[in-house]
Amino acid sequence: MAPKKKEDKDAPPPEDTNPYGVFVTVTVPSATVVLDVPEDDAAAQRQTHITLNIPGCHVPWASPHTAPSEGGLYQYSVVKHFRRSGGDDGLMALINGVLTVTVNDSATNAVLASATVDQLQGFAIGQNTWSAEGLDLVPAAEVPEGVPKARSARLAFVSIALQERPLPEGADAAALAAAPPTPEAELPPLLPYSYVNPAGAEEGNMVELAVSGLSPLPPNLQAAADAAGGKLHVTVGLALPGGGPTVAVPLAVVGGRLAAPAFRRQLVPPACRQALQYALEDGVPLVLEVARYVTAEGMADPAFEGYHAAAAAPALVAGLGTAGATEAAAEGLPLTAWAAAGAKACLPPYTAPPGKPKPVEAEVPPAGSCLWEKAGAQLAVSVRFARPVVPAWRPPPPPPRPLLELIPPRDLTPKPAPTTAVDDFKAKVRVIARALAEEYKAVLPPPDASVAAAAAGGGAEGRHKALIFELNRSGKYAQMRDSLKAAVVSLVREKYRKSGSMSPNEMALLYNDLYGSLLAALHAALNDLVDAAAARPRAPPPPPVPDKQRLAELLELAAQAEAMGDTDRAELLHQRRLLAQNEAQVWYEYGGYCLRRGGARRGRAEECFREALALEPTHRGALLALLGCSVAAGRATDPAYLESAEAAAHRLLDVAGRSSLDGWAALAVVYRAYGEAKKAELASCEQEMARLEKQQLAAAAAASAGVSPSGSYAEGRAGGAGAGAPAAEASQASAGSAAGGAGELQARSYIGLATTLLESLALPAEAALALEAAAGLRHWPSVGPDTRTLHALAGALAEQALARAAGGAAAAVAAGAMLTPGSTALGLMRGDAGGAVSAVAAEAAWRCRLLVAQLHKARGATDEAIRFYQEYIEAARAAGRLAEVPLPAWLELAEAYAARGQARFAADVYLLAASARPGCAVLWRGAGRCFAGAGELGPADMALSEANVLDPEEPEAWGWLALVALREGRAEDAEKALSFGLRCGLADPGVLLDIAAEYRAAGQRRAEQRVLQEVAVRLMPESCSARLLLARCLVAQRCGAEAAEAVAAARELAAHEDDEAAVAELEAELRGMA
């Protein structure tokens, strides 16, 4: 059935005088009407009235006749209540109409001026009042004879309000309507009213489809309209995507053209708001539908399909999909056959009338043809919403306190050293010395004087006397003395906190010390002068701060010690690096180490990151690290820490650039940690990330088509990496640009952030939060398989890290759960099986072999762990990537072989690793230790020597070198190695006990005693066995007193019968010695 035209609707009922119900109240207090007559003419005092015409009124309503006051001001005092029906029908009639206001001549009812108020659509979104100060009316061009024209007309104020007077409780609506009118003063007051409920007022919307033109018309359309007696119209319809309503605008055919412009408004319910927003953001096409309908009785339209057309409107999608846009227009839209458009129809289909109707048009176009297209018709429309479908983007508010305020940048400009009284004294000494030199030079004989002439002048003694005489005579000596006196007084005040008015006794107490200080300062000043004059400046002391190369070496050694579990040495090496206290990167790397240590050191890690940012406010790695630490603290302890995380995220975004997806992802993770409190800010971040992704994908598509990308795209891509920031983000985003799907780049940004938090900063819980954000993206179901693989891999690694943090039996249980059939880790590991796979899947499968090996190791399955470690390393060897195998993987495999007693296999693992990482001292030391355990002393000595060269301060290598030298009979080399090892802090009781055993076997009891004393006193003071070994060594040397002390200490430490028996045996032996 065809939709009704406006002309086909029933006429509105006459004015309803029922004082209860819903009312539209129009208020017009006054108006200024200037007539085109002289002011003193009687016609200037003509009475006028206001006429109001609002949809639903049977006849226009007229106000009482009013005469003007001075200046053509008419006090109409109009407050008119128009009763309206409620519900959706009443609202639709209201918003699809306009209020017409006219000023009429009261004598003739001629229209002097008029205005149309099209502001009723606001009532569709919960508004109940519209008003305007000063509304100009358009003067009528023609008026009846004898009626003056209006030169201008202006309403001082006009308002339209929705009001309601509820029916009294228990009252009969029909009886009240039939009763005589009740005076207004006796009625209850009118209350504000809204057609829509609160949900509709908050989230509902209204759409308006306006057709401004459709031409030229097909040749037979006007003839068909005439044949139908005018009961034929063309309807333009638009179905909003996402389940939105259909808006249809009927257009009458009059005079060879369509009655345009025309519009139709429709409510958009809150339920389809988000689906409509997503459809516009995703660029779902909008297709306008055009159809012809005949409403004349007894007439059919066999040419319906020929007039059924479609017009694609991409301009509407682009305009309405912009954030904050409420309207968009499209002109010159060509029409094509509807069947060829492939869209779902929104207008009613054609239904032939019953019986034998008369065709409205005799000629039937061929199937599939479009009469609009043949005529070259073009459609012009506009679509307007009451509020934006895609919300206007509001940037997240700045943090309460910016990071630069929380962590002020430190001024590293070198400042001059503060001067002291000693420095002033030295400076005056230098001035006096130079003056004395000039005076002495004046009494020297000329350079060309003979020896006899010089001797005649008295020689050196005479010149000395002459100098003293001249100084006293000229008063220069007194000046020098007074200047030094002032410096000495200042020195006494500064060093001894004494004034110049000391008593002789007080002076006597500090005289000697003062004399020594002054003499030392005098000598230092004179020596400086002599050195400078002789051009032999003193060599500066070596700088205590390590240079860049040494810093890198120390960092590598610290990483090796950390991988070996030697946290004390790793801490010491990092502390040595902190001598470069003005290097932000050093503080950042020490903070990362503290984070990996966990526990109480997390607080120190945050202090390190703050120090790094004070030194270098743009350090991206430190910004991200501080963000992660603060989020962790805020989620675990006090939410106030999240303010610091928010400040760090905003600063990171400023540094990386506003076009950086990685920066926005970091800020979004912080807001996600807040929860509901920052829901709006999180939505703002996600909206901006979607916009940037769309922009970058468009730029990438343009670049692939040979068009240079825009500057903003290049800046956005460059903003993801920087000094101190891991390169994971940039690489992830680059990979994502190749995929090119909606949501792909956003997901890669979150995954890159999670990878950095997990691998560089040891924050698995926060990494999991970033992964949750990626999986919560609207387009996550459509992202590519590579992105899903990266997400799954990061999730598995985060789960493993959380299981490790649990420790103990819980870690073993969690590891077992991750190895159940169908688990993520096992699925990813088998991802490279079969045919061709992507590089991302192959990389994930390789990394998951290591993950599975570590999980088997955590649950105690050594054999299974070794198998997967070997598969992992063999895959790396085949791909030429042995250098990429992390150091812990090599160490864990070698330790697994050593735990099974296969020292030779462990040595082979160490050697293979050393071939890939020849500068790693830990690997050479491990190989040497395994060779020594297997009895291969030559290879052991070679490997240990290499480790010693790479890390000469590592004590364990010295200890093993000493042990190997003893077994080879090189006692002198062993003594040197052991001495260096003890000096470096050798603290391995096993190695020292083996060395003691070798000394004992060689009969070197004194050397054995020294080693055993180191073990028993320093390393194992609570060990009874160590005391017994020391006692036996002392007994063998006939050192009875020392042996007795060792036996007494062993007696106190004896914990079981075997120890007590051994102690008793030694006590008996000591008694025999006595």
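At what angle do the axes of helix α28 (residues 785-806) and helix α29 (residues 808-818) cross? They cross at roughly 155 degrees and come within 7 Å. The model is predicted: local features need pLDDT of at least 70, side-chain atom pairs count only at pLDDT 80 or more, and totals for chains, interfaces and linings use all residues. Residues are numbered from 1 along each chain as its sequence is written, and side-chain values use heavy atoms, with hydrogens and water left out.

**Terms for helices**

- Helices (H or I, at least four residues) and strands (E, at least two) are DSSP runs, numbered from the N terminus.
- Axes are lines fitted to C-alpha atoms, for helices over the stretch in contact, and angles run from 0 to 180 degrees between N-to-C directions.

**α28 and α29**

- The crossing angle of roughly 155 degrees makes α28 roughly antiparallel to α29 (angles over 145 degrees count as such).
- On the α28 side the contact (heavy atoms within 4.5 Å) involves Ala796, Glu799, Gln800, Ala803 and Ala806, which meet Gly808, Ala810, Ala811, Ala814 and Met818 in α29.
- This contact has seven nonpolar, two polar and one charged residues (Ala, Val, Leu, Ile, Met, Phe, Trp, Tyr, Cys and Pro count as nonpolar, Asp, Glu, Lys and Arg as charged, and the others, Gly among them, as polar).

**α20 and α21**

- The axes of α20 (residues 620-636) and α21 (residues 641-656) come within 8 Å and cross at roughly 155 degrees; the two helices are therefore roughly antiparallel to each other.
- Their crossing is left-handed (the near helix is turned anticlockwise from the far one by less than a right angle).
- Residues of α20 including Leu623, Leu627 and Val631 meet residues of α21, among them Leu642, Ala645 and Leu652.
- The contact of α20 with α21 divides into 14 nonpolar, three polar and two charged residues.

**α37 and α38**

- Helix α37 (residues 955-967) packs against helix α38 (residues 971-983) at about 160 degrees, with axes 8 Å apart, so α37 is roughly antiparallel to α38.
- α37 passes α38 in a left-handed crossing.
- The α37 residues in the contact include Trp958 and Leu961, and those of α38 include Leu978 and Phe980.
- The residues of this contact are eleven nonpolar, one polar and one charged.

**Domains**

- The domain assignment (automatic or from a database) gives domain 1 (21-168 + 187-195), domain 2 (199-350 + 371-385) and domain 3 (987-1073).
- The C-alpha centres of domain 1 and domain 2 lie 33 Å apart, and eleven residues of domain 1 are in contact with ten residues of domain 2.

Note on methods: Angles under 35 degrees count as roughly parallel, over 145 as roughly antiparallel, 65 to 115 as roughly perpendicular and the rest as oblique.
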